[in-house]
2 protein chains.
Amino acid sequence: MNKSIILHILGWILNFEAAFMVLPIIVAIIYGEKSGFSFLITIGICLIIGIPLSIKKPKSRVFYAKEGFISVALGWILLSIIGTIPLYISGQIPHFVDALFEIISGFTTTGSSILNDVEALDYCMLFWRSFTHWIGGMGVLVFILAILPLAKGESMHIMRAESPGPSVEKLVPRMKSSASLLYGIYIGMTILQILFLLVGKLPLFDAMTLTFGSAGTGGFGIKNDSIMSYSPYVQGVIAVFMFLYGINFNFYYLIILKKAKDALKIEEIKWYFISAVSAILLISLNTGGLKGFFSSIQHAAFQVSSIMTSTGFSSVDFNYWPTFSKTILVLLMFMGACAGSTGGGIKVSRIVILFKTIGKELSYLIHKRSIKVIKLNNKRLENETVRSVNVFFVVYMIIFASSLLIVSLDNFDFTTNFTAVLATLNNIGPGLEVVGPTGNFSSFSDISKIVFMFNMLAGRLEIFPMLLLFSPSVWKK
Amino acid sequence: MNKSIILHILGWILNFEAAFMVLPIIVAIIYGEKSGFSFLITIGICLIIGIPLSIKKPKSRVFYAKEGFISVALGWILLSIIGTIPLYISGQIPHFVDALFEIISGFTTTGSSILNDVEALDYCMLFWRSFTHWIGGMGVLVFILAILPLAKGESMHIMRAESPGPSVEKLVPRMKSSASLLYGIYIGMTILQILFLLVGKLPLFDAMTLTFGSAGTGGFGIKNDSIMSYSPYVQGVIAVFMFLYGINFNFYYLIILKKAKDALKIEEIKWYFISAVSAILLISLNTGGLKGFFSSIQHAAFQVSSIMTSTGFSSVDFNYWPTFSKTILVLLMFMGACAGSTGGGIKVSRIVILFKTIGKELSYLIHKRSIKVIKLNNKRLENETVRSVNVFFVVYMIIFASSLLIVSLDNFDFTTNFTAVLATLNNIGPGLEVVGPTGNFSSFSDISKIVFMFNMLAGRLEIFPMLLLFSPSVWKK
C-alpha cells in the first residue's frame with residue numbers, strides 16, 4: 001500500500017472542502033447568521049492539515065486499484081467528518097452522531113434526515129446541507145481529477161472506485177479530460193434548473209438548495225413537508241430534472257460529441273424509460289380513486305421520478321397509498337437509476353445484466369455445450385463484468401440482511417426497518433411507516449444510525465471500497 | 001423433446017399416486033367416514049389413465065436434461081391436481097383453488113393452509129393432507145426411481161431436477177441404488193419418530209400425521225393451534241427430528257457406508273449447526289423477559305428448528321415476539337436447510353458458496369491476476385456450479401419481487417405480503433401478521449393464491465424446472 005500518495009490525495013480533499021465552505025459563509029453574511037463562524041473555524045482546520053499534506057510530494061507514484069479504493073473510502077469518510085464540524089460546533093445539531101448522520105446522508109446524496117424540524121436550522125446550515133448533495137452527486141474525487149494533474153493510472157483507479165455502475169461503462173469515456181466535460185454538463189444542468197425554478201417565482205435560496213437536492217439526486221428539503229407546499233410548476237420542474245439527472249451521463253457526453261447513434265445504443269436508458277412509464281401508469285390507476293385521476297398521474301410521476309432516481313423528495317405522503325403502489329416504489333428503490341448518473345440503487349444496467357444471465361443459464365441447462373454470449377449495448381460483456389455484477393448483488397443482499405438484523409433491535413416494525421435499510425443503502429432518503437415522507441430517522445438508536453451511515457457510504461461507493469477498507473489483506477505489507 | 005417417455009413416466013406417477021391413496025382409505029374405514037369414497041373414485045381415475053400410459057413402451061429412450069426437468073415439473077403438477085380431487089369432490093374443501101392450494105402446499109412440504117378450521121376435516125382427509133408432506137419430502141420421482149428399472153441417464157436427469165441443492169452434491173452418491181438407500185433412511189427415521197411420539201402417549205393417528213409433517217419438513221398440523229397444545233416432550237421430539245431431517249442426507253448415507261470421515265467433511269452441516277445455535281441463543285436472550293429464560297430457550301429452539309428446516313410447526317405465536325427475534329426467523333427462512341435434505345429455502349450450501357465468491361472477488365479487485373479457487377468440502381468448485389448458484393439467487397429474487405408486486409394488489413400490509421411470499425417460495429408455511437402461526441392464507445384472492453402455488457412448486461423444485469416449463473425453446477422441435 002502506497003500510503004504517501006493516499007495522504008497526498010486526502011490533503012487535496014481537505015483543501016477542496018475548505019473551498020466549498022466559502023459558499024455557506026457568503027450565505028451566513030447575507031442572512032447575518034453568527035453560526036457562519038463555525039465554517040470559518042472548519043476552513044482553518046482543513047487548511048492546517050490539508051496544505052502540508054498536499055504540498056508534500058508522495059515518495060512514490062505507485063497507484064493501483066487498491067490505492068484507488070482506499071483513497072476513495074477514506075476520502076469520503078474524511079470529507080464527512082470535516083463536513084459535520086460546522087453543524088456540531090454551532091450547536092445546530094448538538095448530538096455528534098446525528099450531525100454526522102445528516103452530513104453523510106448529504107454527501108452520499110441519500111437525503112435521510114434525523115431532523116424533526118428542518119426549518120429551525122440557520123440558512124447557512126441549510127445551504128451547506130443541500131450543497132453536500134451537489135458535491136457528492138458527481139463525486140468529489142472526480143472533481144479533483146478534473147482539476148489536478150494526476151497520472152493516468154491514478155485517474156483510472158479513482159474513477160473506477162468512485163463512479164457508480166458496473167465497470168463495463170466506467171472506463172469508456174471517463175479519463176481526465178472527460179471528467180471536466182462531465183462536470184461541465186453537471187454544472188450546466190444545475191444552472192438551467194435554477195433558472196427554471198426562478199421563473200416559477202421561487203426565492204433564489206430555495207431555487208439553489210432544491211436544485212442541489214435534485215442534481216445530486218439527494219432529496220434534502222428545506223421545509224418540514226419536503227416540497228409538498230410548492231406549486232405544481234415547481235414540482236414539475238423538479239420531477240423532470242430529477243429524471244434527467246438519473247440518466248447515464250455518458251448519454252449527454254455522447255450527444256455533445258455528436259455521437260447520437262452511440263448514445264441511443266445505451267440499453268439501460270431504454271429500460272429506465274420503460275420502468276418509469278409503467279410505474280407511473282400502474283400507480284396512477286391504483287391511486288386514481290384517491291384524489292382524481294389527473295392529480296394521481298401528477299403525484300405518481302413525481303414520486304416515481306423521485307424514488308427511482310433515489311432523490312427522495314416527496315410531493316405527497318405515499319405512506320397512505322395502497323400497498324400495491326407502495327410495493328412498486330419499494331421495487332424501484334431496489335433498482336435505482338442508470339449507472340454513470342448521480343442516482344443510487346443497484347442500477348438499471350446491473351438489473352439488465354442479471355436478467356440476461358438467466359437466459360444464458362436456461363439455455364445452458366438444456367444444451368450443455370451451448371456457449372451463449374451476453375451482450376450489452378451491442379458489445380460482448382466480459383465474464384469478469386458479469387461475475388462482478390453477481391458478486392455485487394450477493395454482497396448487497398448480505399449487507400442488507402445484516403443491517404436489517406442489527407436495526408431490528410430498536411423494535412420498530414418490520415416495514416420500517418426494511419425500508420429504512422433500503423432507503424439508506426440505496427441512497428434514497430425516505431422509506432415507509434416511521435421513516436416515511438413525513439417521518440425521519442431521529443428515533444433510532446445510535447447503533448442503528450451508525451449502521452445506516454455505513455450503508456449510505458457503502459451504497460454511494462458501490463460497496464467494494466468500504467469492504468476493502470475493512471479487509472486485512474489490503475493493509476498487509 | 002421425447003414426449004413418449006415423459007408420458008410413460010407420468011403414467012407411473014399416476015399409478016403410484018393410486019397406491020398412496022390406499023392408506024387414507026384404510027383410515028376412512030377405521031373411522032367410518034363416507035368421504036373415503038372420494039379416494040376410491042380418484043384411484044379409479046388414476047388407474048384408467050395411468051395403466052395404459054405406463055404399459056405403453058416409449059418409442060425412444062432418449063432422455064436428456066430437458067426431459068428430466070419437464071417430467072419433474074409436469075409430474076408434480078399432475079400429482080397435485082389428482083391429489084386435490086378427494087378434498088374437492090368430497091366437499092371438504094368446496095372451492096377448487098383452495099383445495100389445490102392446500103395439496104400443493106402439502107406435496108411441496110410448505111404447510112401453508114387456507115383452512116380456518118383444520119379440525120373440521122375428516123380424519124382420512126387430515127391423513128392424506130399430512131401424507132402428501134411425507135411423499136413430497138423425499139421426492140416422488142426419486143421414489144419411483146428406487147423401484148422402477150430406468151436407464152442410468154434417466155435416473156440422473158430426474159435426480160438432478162428433483163433433488164434440492166446446488167448440483168455439486170447431487171451427482172455424487174445419488175444413482176438408482178442410492179435412491180433406495182436414501183428412502184431406507186427416510187423410512188427408518190419416520191418409524192423411529194412415530195415410536196418416540198407413541199412413548200409420549202400420543203394417539204397413533206396424531207403420531208403418524210405429525211411425523212409425516214416433520215419428516216417432509218412440511219408443517220401441516222391437525223389442530224387449529226398447530227402443536228402449541230402438545231406436551232413439552234412431544235414438542236421436544238418433534239424439534240429434534242425436524243432438525244435431523246434438515247441435515248444433508250448424504251451425511252447419513254456416508255455414515256451408513258462407514259465413511260464417517262467424509263461425512264464430517266460436509267461443510268454446510270457445520271454452518272447449519274452454527275446458525276441454529278446462534279439463532280437459538282439470540283432469540284432466547286431477546287425473548288427472555290417474556291416468560292422466563294428456560295421457557296424462552298425451549299420455544300426458541302423449537303421455532304428455530306421448525307423455521308430453518310422450513311417445516312413451519314409452531315409451539316408459540318411468534319407474531320408477538322420482538323422484531324429482532326422475528327427478523328432472525330425471517331433471515332432463517334431465506335437460508336433454509338441443507339441441500340439434499342427434505343427442507344426448503346435457498347439452502348445452506350448455496351449461501352456458503354455465495355459467501356465464498358465474495359472473498360474471491362475482493363482478492364481479484366486488489367490483484368487483477370490472482371486466480372483464487374473456490375473450494376467446498378475440500379473439493380474445487382466448478383465454475384458452472386458457482387455460476388448456477390449465482391443465477392439461482394438472481395431468479396429467486398426476481399420471482400420474489402414479482403410475486404410481492406402481484407400479491408400486494410390484495411392490499412394487505414407489506415409485512416404480511418413479504419412473509420407470505422417468503423413462506424411459500426421457501427416452503428416454510430407460516431409467515432408474520434395475517435399469515436402468522438395462528439393465521440392462514442384464506443383471505444387472499446384467487447390470483448394471489450395462484451401466485452403462491454407457483455412459488456411453492458418453484459421453491460420445491462428449485463425454480464429451473466418450472467421456468468423451463470414456460471420456456472418456448474424447450475418445446476421447439
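Q: Let's start with one side chain: is B:E462 buried or exposed, going by its relative accessibility?

A: The general idea is to read the relative accessible area against a cut-off, and buried means under 20%. Keep in mind that we're looking at a predicted model. Here B:E462 comes out at 5% relative accessibility, so it counts as buried.

Q: Which side chain does B:E462 meet in a salt bridge?

A: For a salt bridge you look for a Lys or Arg nitrogen within 4 Å of a carboxyl oxygen of Asp or Glu. In this case the partner is B:R350, at 2.8 Å from N to O. This pair brings together distant parts of the chain: B:E462 sits in the loop between α21 and α22 of chain B, B:R350 belongs to helix α18 of chain B, and 112 residues separate them. B:R350 also counts as buried, at 5% relative accessibility.

Q: And what links A:K347, A:R350 and A:E462 in chain A?

A: Those residues are joined by a network of salt bridges.

Q: How many salt bridges does a search of the whole structure find?

A: Over all chains, the search gives 14. One of them pairs A:E102 with A:R129, whose closest N and O atoms are 2.8 Å apart. A:E102 is in helix α5 of chain A and A:R129 in helix α6 of chain A, so this bridge ties together parts that lie 27 residues apart in sequence. As for burial, A:E102 has 0% relative accessibility and counts as buried, and A:R129 is buried too, at 2%.

Q: Which residue of chain A forms a salt bridge with B:E361?

A: For a pair like this, check the chain letters as well as the distance. The partner is A:R387, with the closest N and O atoms 3.0 Å apart. This bridge crosses between chains, running from helix α18 of chain B to helix α19 of chain A. Now compare the accessibilities: B:E361 is buried, with a relative accessible area of 1%, while A:R387 counts as partly exposed at 23%.

Q: Now for helix packing: at what angle do α18 and α19 of chain B pack?

A: Read the angle together with the axis separation. For this pair the angle is about 110° and the axes are 10 Å apart. Angles of 65 to 115 degrees count as roughly perpendicular, and α18(B) and α19(B) are therefore roughly perpendicular to each other. On the α18(B) side, the residues making the contact include B:R350, B:I353 and B:L354; on the α19(B) side they include B:N390, B:F392 and B:F393.

Q: Which residues is B:F392 in contact with, leaving aside its neighbours within four places in sequence?

A: They are B:I346, B:R350, B:E462, B:I463 and B:F464. B:F392 itself is buried, with a relative accessible area of 4%. To see how the chain comes back on itself here, take B:F392 and B:I346: they are 46 residues apart along the chain, yet their C-alpha atoms are separated by 8.7 Å.

Q: Where is B:S80, and is it buried or exposed?

A: B:S80 is in helix α4 of chain B. Its relative accessible area is 1%, so it is buried. Beyond its sequence neighbours, B:S80 is in contact with B:L100, B:I103, B:I104 and B:F107. B:I81, also placed in helix α4 of chain B, counts as partly exposed at 39% relative accessibility.

Q: Last one, about the surface: which helix gives the most to the nonpolar patch?

A: With a patch, look at its area and then at which elements supply the residues. Helix α10 of chain A gives the most, with seven residues. The patch covers about 800 Å², and among its members are A:I187, A:L195, A:F196 and A:Y233. A:F196 is found in α10 of chain A and is partly exposed, with a relative accessible area of 40%.

Conventions
Residues numbered from 1 in each chain as written. Chains lettered and ligands numbered in written order. Predicted model: local features only at pLDDT ≥ 70, side-chain atom pairs only at ≥ 80, totals over all residues. Heavy atoms only, no water. Patch = residues over 30% accessible without salt bridge, like charges linked within 9 Å, V, L, I, M, F, W, Y side chains within 5 Å. Areas by Shrake-Rupley, 256 points an atom, 1.4 Å probe, with all protein chains shown as cover. Helix = DSSP H or I, 4+ residues; strand = E, 2+ residues; numbered from the N terminus. Buried < 20%, exposed > 50% of the residue type's maximum accessible area, 1.4 Å probe, protein only. Axes fitted to C-alpha atoms, helices over the stretch in contact; angles between N-to-C directions. Parallel < 35°, antiparallel > 145°, perpendicular 65-115°, else oblique. Contact = heavy atoms within 4.5 Å.
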